[in-house]
Amino acid sequence: MLYRMIFCVWMLVGINSVSRAQDHNMYLHGELVEEPCTLSMASVKQTVKLGNVIKNTLYLHQRTHSYGFSIVLEECDISLGNSVEIGFNGVEDLQQPGLLAVNGMAEGIAIGLETEDGKPLEINKTVKSYLLHDGSRTLKFAAYVSASEAAIEHQGIVEGDFTANVAFTLYYP
């Protein structure tokens, strides 16, 4: 036991000596910016639960109903800017362009995003601008599961679990 303690102390002293010998072994970089709003911590990492999707619903209607989610902007100061644009970025589905490709066992489906009004949002494109006001602003969106026309036509929807990841970016013009 004593041997191990001495060895650990020697290793720490050795690491410390090496770090002093190198002048610059880490590069730190950042940019200080001033933006009109702060993103709510509750909006940073979200999970939208799409639940169990019944395959026959997709054969009959091609898509599910919408599952809402929101992005909350706080402490907005419109003297710094009065609008925000948002983009959703992810892996686009090959069969259904503009929709998110899914991972997992399910096949023939993709995940679509839309505005609160039901207007489609294409993946990897910036959407319209939203007006800001002083204080907080909640941007509401929805996700849905969609079956491709080919999967419906050829009875190619395969059951199984599925996931998709999307990142959003806020742009202050």
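# Reading the terms against the values

The mean pLDDT of this chain, where pLDDT is the predictor's confidence in each residue from 0 to 100, is 86, and 86% of the residues reach 70 or more. The model is a predicted one, in which local features need pLDDT of at least 70 and side-chain atom pairs count only at pLDDT 80 or more, while totals for chains, interfaces and linings use all residues. Residues are numbered from 1 along each chain as its sequence is written, and side-chain values use heavy atoms, with hydrogens and water left out.

User: What makes residues 1-19 a stretch to treat with care?

Analyst: Over residues 1-19 the pLDDT is below 50, and beyond near neighbours in sequence this stretch has zero contacts in the model, a contact being heavy atoms within 4.5 Å. Where pLDDT is low, the predicted coordinates should not be read in detail.

User: How do you know that Cys37 and Cys76 form a disulfide?

Analyst: A disulfide is a pair of cysteine sulfur atoms within 2.5 Å, and the sulfur atoms of Cys37 and Cys76 are 2.1 Å apart, so the pair meets the definition; the structure holds one disulfide. This pair links distant parts of the chain, 39 residues apart, with Cys37 in the loop between α1 (2-21) and β1 (38-39) and Cys76 in strand β2 (residues 67-76). Helices (H or I, at least four residues) and strands (E, at least two) are DSSP runs, numbered from the N terminus.

User: Why is the disulfide of Cys37 and Cys76 called right-handed?

Analyst: The torsion about the S-S bond of Cys37 and Cys76 is about 115 degrees, and the disulfide is therefore right-handed.

User: Why is Cys37 called buried, whereas Gln155 is called exposed?

Analyst: Buried means under 20% relative accessible area, exposed over 50%, and partly exposed in between, for a 1.4 Å probe and protein chains only. Cys37 has a relative accessible area of 7% and is therefore buried, while Gln155, at 56%, counts as exposed. Gln155 lies in the loop between α4 (149-153) and β9 (162-163). Cys76, at 6%, also counts as buried.

User: What makes Phe88 and Phe168 an aromatic pair, and why is the pair called tilted?

Analyst: Rings of Phe, Tyr and Trp (its six-membered ring) pair if their centres lie within 6.5 Å, and planes under 30 degrees apart count as stacked, over 60 as edge-to-face and the rest as tilted. A search of the whole structure finds five aromatic pairs; in the one formed by Phe88 and Phe168, the centres are 6.5 Å apart and the planes are at 55 degrees, giving a tilted pair. Because Phe88 lies in strand β3 (residues 83-90) and Phe168 in strand β10 (residues 166-171), the pair ties together parts that are 80 residues apart in sequence. Phe88 is buried at 2%, whereas Phe168, at 23%, counts as partly exposed. Ring pairs link Phe69, Phe88, Tyr130, Phe141 and Phe168 into a cluster.

User: Which residues have the most contacts inside the largest nonpolar core?

Analyst: A nonpolar core is a set of buried Ala, Val, Leu, Ile, Met, Phe, Trp, Tyr and Cys residues joined through side-chain atoms within 4.5 Å. The largest has 32 residues, and those with the most contacts inside it are Phe88, Ile109, Phe141, Ile157 and Phe162.
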